[in-house]
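Please look through the structure below with the sequence at hand. The paragraphs that follow go from strands to a helix and then to the open spaces.

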Amino acid sequence: MTVHSASSSSLPRQRRWRAALLPFGAGVALAALYLYTASAATDGTLRVTVVEQGQSRPIPVRVRITDAAGVPISKRPLGALAMPGEALGVPREALAIMWGHDDSAQGYATQPDGAFYVDGTFEVPLPPGTYQIAVSKGYEFVRQQHRVTLDAGRQVRERYELRRWIDMPSRGWYSSDDHIHLRRSPRENPLVQRWLAAEDIHVGNLLQMADFHTSYFWQYAFGPDGRYQEGGRLISSGQEDPRTPEIGHTISLGHAKVVRVRPVDAYYGYDRTFDRVHELGGVTGYAHQAMTFHGYRGMTLDVLQRKLDFVELMQFCAPAGPLITTHYYHFLDLGFPLTALAGSDFPWCGRTKAFGAAEDEGPRIGDARFYTYVDGPLTFDGWIGGLKAGHTFATTGPMLDLRVDEARPGTTLERRTGDTLKVVVEARGHRTDVPLRDLELVVHGEVIRAVTARDAGQSTERLALSYDLPIGGHGIWIAARARGGPTQAAHTTPVYVRANGTGFANPATARRYLDLSEAYLREIEAELATPGTAVNNQLVRARDGMTRRIADTRAILAQLGATLPSVPGRSASARRVASPGDQSQ
């Protein structure tokens, strides 16, 4: 065959560069294939099947194999270069997803810590030696470690049974991650679903991310057309948009179509987005515990104007995480209900040594998650209904159950002065995977009862307390939180108790939080007076709209100041019994 081409010297520079790149890429692939083929004769073969205890069908799991020196067998993929699976040190059966940070083709065959996902069965050639195999599946299954020795030319077959230490779906509770970034077309749905299954996430919310200028992690559809259900697990489209460095990052879930405010000068009018999301059947909230990107400023506007449903209470993005209650308790104490959610922000954040982890694990779907109570089989409508009702708790390990007169988190109760509430709280853990440390009953931000694993009748696997709580002259909010090993914590959405027809605000902290809200408004005004110079600092373009929103919020603060009694000292219903570190886990 004759190929007609111009001489290389006559090619434009870009075409000459591409022509040079192709042979290099092919050479790397061929070299990797050669090395793989040359070593195959001296390798052993490891074949593994993983099932749930008492079952025979393989299940999706996360696997990490390390050699005798503790080094993962896997190698990071070279961009989007296609290679045999074994050339990366992972089996061909590894569930690889192409699109990563900023929509770049990274080929996620392996995770930052060298782990990979498989659909229950895999085979991988390895040099002779001794290896450690770690197998996990989220938080409800006991993690396993196995030691395997391979000889040259021999095959080792292993069958592992994963055992549940708790079955939350059987109790009506289903796990969710509210914050996953993966570009998705219908072709990727089965792969993403198996990643979720390997981390035991039942509802994965894939967020199309945007800023003032553009969008990332594109979702092919929203609403029913953008949902995918298989094997009792759901994928649903959502958005992290709007998001700015001056007033925070927001999340919207479950709405029928993407919402993008136009004109762009109105981008900082978050309330317009939230109103439209609610019209489309969705829910709205702030990401990153409102700690980073000054989210607490935006929350001051949007919570006080009753535009928000939730806050992402747990995550490994803020340095003091994973549980930070600073801004959560601020707005709860002012009498505004907020549902507790949690998410991983994959592929950005994860457990590290800075949080107390044994090693830097890196991003992992579901490392911070929330559970939603669903009355009946898991469907999207049932799940979003439970979320809207506030029947949730956020966790990085422990499982929580809070009942107030049998009511679940998110419920609003009407009571009168002199009534007594029966509060029952239980935390569940596992002695090695999730060793419980303490359980606390929180009323108006103060711990009124607490137990530890060292107390009589308590253990690292179960902590429980009950308390008869009298109602004083005002309403209260009641929540529970628990802590386990390093990086492990959990927190419920409150039960809200209105007394004598009034709200649940905390009169003991009202003045302080009203003043703090005003301080946050002044921070926004300072941004308007001295705009930032970064490309994303565009608040000044929304000066008129932001000035109006600040004025509206100040009017609400004035009204609250006139109606909320400021009582010095502690809440009449709350008596502190410990100093638990209210700000973080």
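Which residues lie on one side of strand E31 and which on the other, and are they buried or exposed? The model is a predicted one, and in it strand E31, residues 489-492, is covered on both faces. Ala489 and His491 lie on one side, Ala490 and Thr492 on the other, and all of them are buried.

The partners of E31 come next. Strand E23 (residues 392-395) pairs with E31 in the antiparallel sense, over three bridges. Within this pairing, Ala394 is the residue opposite His491. Strand E30, residues 476-483, also runs antiparallel to E31 and is joined to E31 by three bridges. Here Arg481 has His491 as its bridge partner.

A separate stop is the open sheet of three strands, ordered E24-E26-E29 and paired antiparallel. Strand E24 (399-404) and strand E29 (462-470) each have a single partner strand and stand at the edges, so one side of each has no neighbour in the sheet. From one strand to the next the twist averages 10°. Strand E26, residues 420-428, runs antiparallel to E29, and nine bridges join the two.

Strand E14 (residues 233-240) holds Ser236. Why does Ser236 count as buried? Its relative accessibility is 2%, and the cut-off for buried is under 20%. Leaving aside neighbours within four places in sequence, the contacts of Ser236 are Arg184, Gly204, Asn205, Leu206, Gly226, Arg227 and Phe380.

Now to a helix. Helix H2, residues 189-198, is mostly covered, with eight of its ten residues buried. Among the buried residues are Asn189, Gln193 and Arg194, along with Val192, Trp195 and Leu196. Ala197 and Ala198 are buried as well. Just after H2, Asp200 takes a positive phi of about 55°.

The open spaces remain. What is the volume of the largest pocket? It comes to about 730 Å³. The lining of this pocket is made up of 34 residues, and Arg143, Gln145, Glu359, Glu361 and Arg364 are the ones nearest its centre. Strand E2 (61-66), strand E7 (129-136) and strand E8 (144-150) are the elements that give two or more residues to this lining. By class, the lining of the largest pocket divides into ten nonpolar, twelve polar and twelve charged residues.

There are also two cavities of 30 Å³ or more. The second largest cavity has a volume of about 30 Å³. Which residues line the second largest cavity? They are Asp241, Pro242, Val259, Arg260, Val261, Tyr267 and Thr273. In this lining, four residues are nonpolar, one is polar and two are charged.

Technical notes. Residues numbered from 1 in each chain as written. Predicted model: local features only at pLDDT ≥ 70, side-chain atom pairs only at ≥ 80, totals over all residues. Heavy atoms only, no water. Buried < 20%, exposed > 50% of the residue type's maximum accessible area, 1.4 Å probe, protein only. Helix = DSSP H or I, 4+ residues; strand = E, 2+ residues; numbered from the N terminus. 1 Å grid on protein atoms, 1.4 Å probe; cavity = no way out; pocket = protein on both sides within 12 Å on 5 of 7 lines; lining within 4 Å. Points joined across faces, edges and corners; volume = space filled by probe spheres on them. Nonpolar A, V, L, I, M, F, W, Y, C, P; charged D, E, K, R; others polar. Contact = heavy atoms within 4.5 Å. Pairing = 2+ DSSP bridges. Axes fitted to C-alpha atoms, helices over the stretch in contact; angles between N-to-C directions.
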